Amino acid sequence: MDVNVLNDRIGKLKKWEQTDSINEILYNTLSSLSTYAQDRFDELTREIRDETATNISAPVIKTAVCVEKNVVKQLFLFPVSSQPPLNSPGYVATVFAECDYPTIKRMMRKTFKATVNCKTETFEAQVSLRYSLKYLQKLQSLYYMYSENEQPWVTVNGPYFYKFLDVISERAFPDGIDSFEIDFGDYEKYVSYDKVLLWNVTPVTETVASCEPKPAYNAIINEHVVKKLQLDEDQYLVCPMGDKFVSFRHGRDLYVRTYTKQLTEIKLMRITSREDAGNLLYLPVKSNKKELGLVDAYARGRYVPTRGEAERVLHSLKSVADFSLVDLRVLPCTDENAAKLKGIDYNYFIETNPILSDKKLLHFALKAADRDIWAYEKMYYVLSELQQRFYEYCCVGEMV
């Protein structure tokens, strides 16, 4: 019916009750049509997303900081490392520096006076700071574990990794250290000794339910089955075992095929998605969780380095919601530009095989919320995410 005719007939109604009743009927009808259209659109979006999503969602790696005495109260967050870093003569301790990146860089350029009490003697020593190797080595080993399992690396949002610093002395202490005192001077207010880095990754050992050798062309394949895993809530990586292996999920079981070893138990690395209820954390969880939409599922790796695509990536990262992209430009790869825009060695261990030896720099100017001491570390996390998409460029960033 024509709208003008409808309005004309409603206007000729003499009783206001009839007019009010007609208006209410029309309002309810249009509201129902709008709700129906929205529901149908949402249903169609879900169907398309389900058809295009071919892989299981990537693991969500969570990191947090906890006071040492409260670590045992965490159920699903575990210490990243409780051991001294490997190959570190002169290691004294690991401290947590709650300050921004420029301040940490100034601290790392200085030396500090320390008194170290050993079992047999007391020493006066000069100490310096560096990023904590015992944590970075664990992050590196997780990366290689992904590689061994033939899984694509999932960038870790690890701003806390770069706030933990190893205190290194100019001399070694073979008798062991009983206690120590360090004079950090003006930086003392930033430093604490009782903080521990946690994440949702922990090693587990599982018994093999069955192992059936199968002959292959030139080898015997041992197919191990691991049952009773929480595959709906957790994801698992097989720890390197010095032997070629293939792991895959079938139904609710995890299968591990080896080519020389027959195993009775298998060491796994569990990445849990469960949450601690009412946890006692000093600093809250940061994660690499993303809000993936229909465009992500449809793109399947076809990324064009435009401002719109960069902003879409930025907005999909939940932990950097307060970031904004100010500018994006392509720069020549010169020593001057590389020196000016060089940041922390974020994901320094990642192996890359660039097709182009002289990649141009894709420069991102980013802005964060005021007084955010995690801003630089968040920026390098964003750059790591962008680098995986825009691999033909070398992604660099600058805080403005």
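A residue counts as buried when its relative accessible area is under 20%. The legends below apply this cut-off to a predicted model.

**Figure 1. Glu 377 in helix α8 of the predicted model.** Glu 377 is part of helix α8. Its relative accessible area is 1%, so Glu 377 is classed as buried. The side chain of Glu 377 makes a polar contact with the side chain of Lys 163, at 3.1 Å.

**Figure 2. Packing of helix α6 against helix α8.** The view shows α6, residues 307-316, and α8, residues 375-389. Their axes lie 10 Å apart and form an angle of about 130°. The two helices are therefore oblique to each other. The crossing of α6 past α8 is right-handed. From α6, the residues in contact are Ala 310, Val 313 and Leu 314. Their counterparts in α8 are Val 382, Glu 385, Leu 386 and Arg 389. Sorted by class, the residues of this contact comprise five nonpolar and two charged ones, with no polar residue.

Figure 3. Strand β15 covers 253-258 and strand β16 covers 265-272, and Leu 263 sits in the loop between them. With a relative accessibility of 18%, Leu 263 is buried. Leaving out residues up to four places away in sequence, Leu 263 touches Val 208, His 224, Met 241 and Thr 258. Val 208 is 55 residues from Leu 263 along the chain, and their C-alpha atoms are 7.3 Å apart.

**Figure 4. Lys 113 in strand β4.** Strand β4 spans residues 112-118 and includes Lys 113. Lys 113 has a relative accessible area of 60% and is therefore exposed. Apart from neighbours within four places in sequence, the contacts of Lys 113 are Ala 125, Gln 126, Glu 181, Ile 182 and Asp 183. Between Lys 113 and Ile 182 the sequence separation is 69 residues, while the C-alpha to C-alpha distance is 6.0 Å.

**Figure 5. Ser 169 in strand β6.** Ser 169 belongs to strand β6, residues 164-169. A relative accessible area of 6% makes Ser 169 buried. A polar atom of the Ser 169 side chain lies 3.1 Å from the backbone nitrogen of Arg 171. Setting aside neighbours within four places in sequence, Ser 169 contacts Gly 90, Val 92, Ala 125, Gln 126 and Val 127. Ala 125 and Gln 126 are also among the contacts of Lys 113.

**Figure 6. Backbone of Glu 150 in the loop between α4 and β6.** Helix α4 covers 133-148, and Glu 150 lies in the loop that runs between α4 and β6. Most residues other than glycine have a negative phi. Glu 150 is not a glycine, yet its phi is positive, at about 55°. The relative accessibility of Glu 150 is 64%, so this residue counts as exposed.

**Figure 7. Overview of the protein chain.** The chain contains eight helices and 20 strands. It has 400 residues, of which 42% count as buried. Taking contacts between residues at least 6 apart in sequence, 78% join residues at least 24 apart.

Notes. Residues numbered from 1 in each chain as written. Predicted model: local features only at pLDDT ≥ 70, side-chain atom pairs only at ≥ 80, totals over all residues. Heavy atoms only, no water. Axes fitted to C-alpha atoms, helices over the stretch in contact; angles between N-to-C directions. Helix = DSSP H or I, 4+ residues; strand = E, 2+ residues; numbered from the N terminus. Parallel < 35°, antiparallel > 145°, perpendicular 65-115°, else oblique. Left-handed = near helix turned anticlockwise from the far one by under 90°. Contact = heavy atoms within 4.5 Å. Nonpolar A, V, L, I, M, F, W, Y, C, P; charged D, E, K, R; others polar. Buried < 20%, exposed > 50% of the residue type's maximum accessible area, 1.4 Å probe, protein only. Polar contact = N/O pair within 3.5 Å; in protein donor to acceptor, adjacent residues only side chain to side chain.
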